[in-house]
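Biologist: Hi! Could you walk me through this model?
Modeller: Happy to, let's have a look together.

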Amino acid sequence: MKKFALRPAALVLFASMVLAAISAAQGIHPGAVWLDNRGQQIQAHGGGILHWHGKYYWFGEDRTRTNDPDKRYVACYSSKDLARWKFCGQVLALSDPERLGPHWVLERPKVFHNPHTGKFVLYFHLDDARYKFARVGVAVSSRIDGHYSYVRSFRPLGQESRDIGQFIDDDGSAYLIFESRPTGGFFIARLSEDYLDVDKQVSFIHAPLEGGALVHYKGLYYVLGSHMTGWAPNPGVYATAPSLSGPWTEFKNVAPPEARTYQAQSTMLLKVVGSKQTTVIFMGDIWKPRTLWDSRYLWMPVEIGDGSFLLPRPQPWSLNMKSGVATIH
Ligand code: DGJ
């Protein structure tokens, strides 16, 4: 009889794929190592999600250790249940597009789909090592998980722009959230018709916050942000308004302040509308600045409604995609 010997590398790969399948079956585990379908740690830091043709696409900073150190990468993953993610590829592998020099920065990539042009438009924070360039970069693709080509960089509304967030309202209109340090606040701006620019300031919120995220839930807009402490966690805060243009309430903590957002920083609020319930998911990054590739994710369903927003203590949970009901394990 023929004998099969598994090589150690194949064995490790097989074991990590089994582990990925087991942990995915059990749902979402905030803070744990999150493996993709290949058994590799998901690289989608500072990311965003686009719901497209029944699937969720997660884009984020790919900080893989073996990446070319002169390039910056955006990875894409797809999923139907938000727990098991299939690697679709590195959709952007960019060489320093504006001659920003060593340690140039590409952070917080977010992808929009433009229904007028049919194109997918990738926005990201583009900067030099000292964060002085302060612009957004834009890249375009004709396929959601295809190769994105760099188009240009600019300062939205002529303002310095660092952390960015994305928001798509229930009517499909698309907005960029960006932090602008000289003004001591952040802007919500509507994208132009071709999505390659912003054409209108919708709101300026006078609060020096980054990690901006927005959700529209039961007639109220909730905006979320973190204080500016570099990679270190701090207490995340939120405000609400009846319209995107305000007026915005004072900011309140999303969790007990001493928990410092359970070590995470907001990157997006994802709304899943089911047959029984609408669940809003806080998506955050647990940064590990010395080993960014090993940064983790904190995703939790939030307690939201009537102007209040609470990020619960992280625990394993799962989401029934049909009913929209989240179950904490
Ligand atoms: C906080 C930002 O939110 C991150 O995206 C990153 O830019 C770090 N600052 C860098 O210190």
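**Backbone and sheet**

Modeller: Alanine 134 is buried, at 0% relative accessible area (buried is under 20%, with a 1.4 Å probe and protein chains only). This is a predicted model, where local features need pLDDT of at least 70, side-chain atom pairs count only at pLDDT 80 or more, and totals for chains, interfaces and linings use all residues. Residues are numbered from 1 along each chain as its sequence is written, and side-chain values use heavy atoms, leaving out hydrogens and water.

Biologist: Thanks! Where is alanine 134 found?
Modeller: In the loop between E6 and strand E7 (135-141); strands are DSSP runs of E, at least two residues, numbered from the N terminus. Alanine 134 has a positive phi of about 50 degrees, although it is not a glycine.

Biologist: And what is phi of arginine 108?
Modeller: Near 55 degrees, a positive value in a residue other than glycine. Arginine 108 lies in strand E5.

Biologist: Is arginine 108 buried or exposed?
Modeller: Buried, with a relative accessible area of 3%.

Biologist: What order do the strands of that open sheet have?
Modeller: The four strands go E5-E6-E7-E8, with antiparallel pairing (two strands pair if DSSP finds at least two bridges between them). The edge strands, E5 (105-113) and E8 (149-154), each pair on one side only.

Biologist: How many bridges join E5 to E6?
Modeller: Seven, and E6 covers residues 120-127. Leucine 106 stands opposite leucine 126 in E6.

Biologist: New topic: which residues does a cis peptide bond join?
Modeller: Glycine 246 and proline 247, with omega about -5 degrees. Proline 247 sits in the loop between strand E15 (237-241) and strand E16 (252-253).

Key
Buried means under 20% relative accessible area, exposed over 50%, partly exposed in between (1.4 Å probe, protein chains only).
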